[in-house]
Amino acid sequence: MPPQQGHGPADRPRGRWLTPATAGIAVASVAIGAAAVWFVARDTGDADRAGEKNGTVTSGAPTGSGGGPSTATGAPSTGAGPTRTPTPGPTGTGPGAGAHETRQDTAGFTIAVPAGWAREELKEGVFYRSADRSALIQVFRVSEPDLSPLQAVKQASTYLRGGTRGYEEISVGPVSGSPGAAELVYQYDSEESRGVRRGVERVFLAADGTKWALLTAGPLAEWQVTQDHHAAALAAFRPAG
């Protein structure tokens, strides 16, 4: 599951990813095998672009601890697709609070994101970011066939702990009511969020059997808004085809 950032270039830990988000993946792969690929896109810091990941939505919304049923990222891109259907959104005051819109992304999925968020596509996956870049949603496909969602989020937490400034694992485990899905909730020091950024990453199997990761992150003070964005993204997520 290489793509996993959730952080911005300013937050990314130095020397962590081989590419903008993976300086140490090659070495890590020797120890953890295919799982290292998954970490490439994981959210780990703005400056070092440690990576955000995508997830698939099944149903429901995450709880305050990152649980709850649901299903299930680069250079600026305009391939977000023509469909932008406004939908009700969270009522907070943070980045992106308000209505969501449904996007048919050319990367092969449909998702709901806060209205006005900009899309960019990197090696780590597709990202949607607030105008001030303090909050984001990252989505990417997990290619390792033998890596379970639970293994993925647990290994991601271990990997992030070793190279992310101020990293703290809040919770990690399977998602209640969503068999085969797992989530990691964590936080770290983020220049983009001007303080502590908290993120929630879900790894899950879509209805067509493909495995995805969906990560949503934002300022700690706007954690409820972040959870609302995560729930909306998961509820609308559908792989293409």
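Predicted model: local features only at pLDDT ≥ 70, side-chain atom pairs only at ≥ 80, totals over all residues.
Biologist: Which element has the lowest confidence, and which the highest?

Modeller: Helices (H or I, at least four residues) and strands (E, at least two) are DSSP runs numbered from the N terminus. Helix α1 (residues 25-32) is lowest, at a mean of 28, whereas the highest, at 98, is strand β9 (residues 168-174).

Biologist: How many contacts does the model have for the stretch 12-41, beyond near neighbours in sequence?

Modeller: A contact means heavy atoms within 4.5 Å. Over residues 12-41 the pLDDT is below 50, and the contacts of this stretch beyond near neighbours in sequence number 135.

Biologist: How many aromatic pairs are counted?

Modeller: Rings of Phe, Tyr and Trp (its six-membered ring) pair if their centres lie within 6.5 Å; planes under 30 degrees apart count as stacked, over 60 as edge-to-face and the rest as tilted. By this rule the count of aromatic pairs is 6.

Biologist: Why is the pair of Phe109 and Phe237 classed as it is, and how far apart in sequence are the parts that the pair ties together?

Modeller: The ring centres of Phe109 and Phe237 are 5.6 Å apart and the planes lie at 20°, so the pair is stacked. Phe109 belongs to strand β5 (residues 109-114) and Phe237 to the loop between α4 and β13, so the pair joins parts whose separation in sequence is 128 residues.

Biologist: Which class describes the pair of Phe204 and Phe237, and which residues form the aromatic cluster?

Modeller: With 5.6 Å centre to centre and 85° between the planes, Phe204 and Phe237 are edge-to-face. This pair links strand β11, which holds Phe204, to the loop of Phe237, 33 residues apart. One aromatic cluster is formed by Phe109, Phe204, Trp212 and Phe237.

Biologist: Is Phe237 buried or exposed?

Modeller: Buried means under 20% relative accessible area, exposed over 50%, and partly exposed in between (1.4 Å probe, protein chains only). The relative accessibility of Phe237 is 1%, so this residue counts as buried.

Biologist: What span does helix α4 reach, and which residue has Arg198 over its face?

Modeller: The expected span of a helix is 1.5 Å times one less than its number of residues. Helix α4 (residues 223-236) has 14 residues and reaches 20 Å from first to last C-alpha, close to the 20 Å expected. A charge sits over a ring if NZ of Lys or CZ of Arg is within 6 Å of the ring centre and within 35 degrees of the ring normal. At 5.3 Å from the ring centre, Arg198 lies over the face of Trp223.

Biologist: Arg133 and Arg194 each have a positive phi; what are the values?

Modeller: Arg133 is in the loop between β7 (125-129) and β8 (136-141), and Arg194 in the loop between β10 (182-190) and β11 (195-205). Arg133 is partly exposed because its relative accessibility is 28%, while Arg194 is exposed because its relative accessible area is 61%. Neither is a glycine, and phi is about 65° for Arg133 and about 55° for Arg194.

Definitions and conventions. Residues numbered from 1 in each chain as written. Heavy atoms only, no water. pLDDT = per-residue confidence, 0-100.
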